[in-house]
Amino acid sequence: MSKQKLTFNPLSAWINKDEKKPLIISGPCSAETEEQLVNTGLALKKLNVSAIRAGIWKPRTKPGTFEGNGAAALPWIKSVKEATGLPFATEVATPQHIEEALKYGADILWIGARSTVNPFTVQDMADALKGVDIPVLIKNPINPELALWIGAIERIYNAGIRNIAAIHRGFSTHRKTKYRNEPLWGIAIELKTLFPDLPIIGDPSHITGKRTAIYEASQKALDLNYDGLMIESHLDPDNAWSDAAQQVTPAALEQILAALKTRQTTS
Ligand code: PEP
Ligand code: MN
């Protein structure tokens with residue numbers, strides 16, 4: 001597959017987390033209002049999550065759905081960071097998003113599945129990240145192609161970023177399947193085998209597409225020794241402006257986290 005020897009920093013080099021526990025990043029699919037973002041952040045802080053996530057620019061499959069508040073939401077980054085003291089992660093899909101997210105204090109950026117799939121897009125973002133010291137999380141491409149996922153990781157790596165993690169969010173399929181996206185766990189396992197020190201984060205929200213399955217997909221990821229989980233949460237999931245079916249309340253998240261068995265607790 002890849003001939004390049006890549007070495008990545010461990011999660012503990014760039015995020016404050018309990019060494020023995022998986023990294024937990026949580027927050028709404030979309031930053032809907034300042035109040036929603038801050039109040040969700042405050043509820044999540046009580047659960048000791050390591051970072052808050054929220055989409056500012058939303059890559060929606062179909063037009064006419066909520067595409068994020070965009071620039072209007074940027075000042076809310078400061079508000080949620082001040083209220084919680086936690087780092088803030090958001091999706092970027094263009095060099096302009098990167099410039100704006102950095103200007104407004106985003107601490108962690110992620111590249112979404114619909115961007116990872118496009119080498120031109122990834123390279124444009126890699127160019128914008130040259131000389132920038134910020135962790136970048138790279139979701140798998142929507143199609144099940146490991147080489148494309150690795151190619152995106154290499155492009156960001158070649159921009160000088162060493163604080164990288166892969167996010168496994170499953171793969172689009174036209175078939176009727178149990179989950180919204182097919183996990184195809186073997187692809188992520190192969191990535192882990194090829195790059196043993198690359199942290200990998202499971203995204204049970206986008207894999208399953210339904211809140212009743214978040215626990216089982218999270219446990220599966222931990223059983224495969226993933227380093228963390230990104231789980232969407234919302235104060236009123238049924239009325240979320242995007243991905244309503246898969247978001248969990250902070251109270252439900254607390255129960256999920258308490259029920260998950262990590263290797264440390266089982267061995
Ligand atoms: C998201 O994290 O809300 C998102 C749009 O993710 P994905 O790129 O996995 O679809
Ligand atoms: Mn989402």
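This is a predicted model: local features need pLDDT of at least 70, side-chain atom pairs count only at pLDDT 80 or more; totals for chains, interfaces and linings use all residues.
Reader: Which residues are in contact with Cys29, leaving aside its neighbours within four places in sequence?

Author: With those neighbours left aside, the contacts of Cys29 are Gly55, Glu232, Ala240, Ser242, Asp243 and Gln247. Two residues are in contact if their C-beta atoms lie within 7 Å. Glu190, by comparison, is 161 residues from Cys29 in sequence and 28 Å from it in space, taken from C-alpha to C-alpha.

Reader: What makes up the surroundings of ligand 1?

Author: Cys29 is one of the residues around ligand 1, and with it stand Gly55, Pro59, Glu91, Gly112, Ala113, Arg114, Lys139, Arg169 and His206. By class, this shell holds three nonpolar, three polar and four charged residues.

Reader: How do you know whether Asn48 is buried, partly exposed or exposed?

Author: Around Asn48 there are 13 other C-beta atoms within 10 Å. Asn48 lies in the loop between helix H1 (34–45) and strand E2 (51–53), and its phi is near 60 degrees, a positive value in a residue other than glycine.

Reader: What makes Asn225 buried or exposed?

Author: Asn225 has 12 other C-beta atoms within 10 Å, and since the limit for an exposed residue is 12 or fewer, Asn225 is exposed. Asn225 is placed in the loop between helix H9 (214–223) and strand E8 (228–232), and it has a positive phi of about 70 degrees although it is not a glycine.

Reader: Why are the buried residues of H10 said to line one face of the helix?

Author: The buried residues of H10, which runs over residues 250–259, are Pro250, Leu253 and Ile256. Seen down the axis of H10, these buried residues fall within an arc of 110 degrees, so they line one face of the helix. An α-helix has 3.6 residues a turn, so residues three or four places apart point the same way. What covers the buried residues of H10 includes E1, H1, H9 and E8, while the face turned away from the buried side carries the exposed residues Ala251, Gln255, Ala258 and Ala259.

Reader: How do you know where the buried residues of H3 lie around its axis?

Author: In H3 the buried residues are His97, Ile98 and Ala101. Their directions, seen down the axis of H3, fall within an arc of 100 degrees, so these residues line one face of the helix. Their cover includes strand E3 (88–92), strand E4 (108–111) and H5. Just after H3, Gly105 takes a positive phi of about 95 degrees.

Reader: What is the handedness of the crossing of H3 and H5, and at what angle do the two helices pack?

Author: H3 (residues 95–103) and H5 (residues 119–129) pack at an angle of about 35 degrees with their axes 8 Å apart, and their crossing is right-handed. Pro95, Ile98 and Glu99 of H3 make the contact with Asp124, Met125, Ala128 and Leu129 of H5. By class, the residues of this contact are five nonpolar, no polar and two charged.

How values were computed:
Residues are numbered from 1 along each chain as its sequence is written. Chains are lettered from A and ligands numbered from 1 in the order in which they are written. Axes are lines fitted to C-alpha atoms, for helices over the stretch in contact, and angles run from 0 to 180 degrees between N-to-C directions. Helices (H or I, at least four residues) and strands (E, at least two) are DSSP runs, numbered from the N terminus. A crossing is left-handed if the near helix is turned anticlockwise from the far one by less than a right angle, and right-handed if clockwise. Ala, Val, Leu, Ile, Met, Phe, Trp, Tyr, Cys and Pro count as nonpolar, Asp, Glu, Lys and Arg as charged, and the others, Gly among them, as polar. A residue is near a molecule or strand if its C-beta atom, placed from the backbone, lies within 6 Å of it. A residue is buried if 20 or more other C-beta atoms lie within 10 Å of its own, exposed if 12 or fewer, and partly exposed in between; C-beta atoms are placed from the backbone. The arc is that of the directions from the helix axis to the C-beta atoms.
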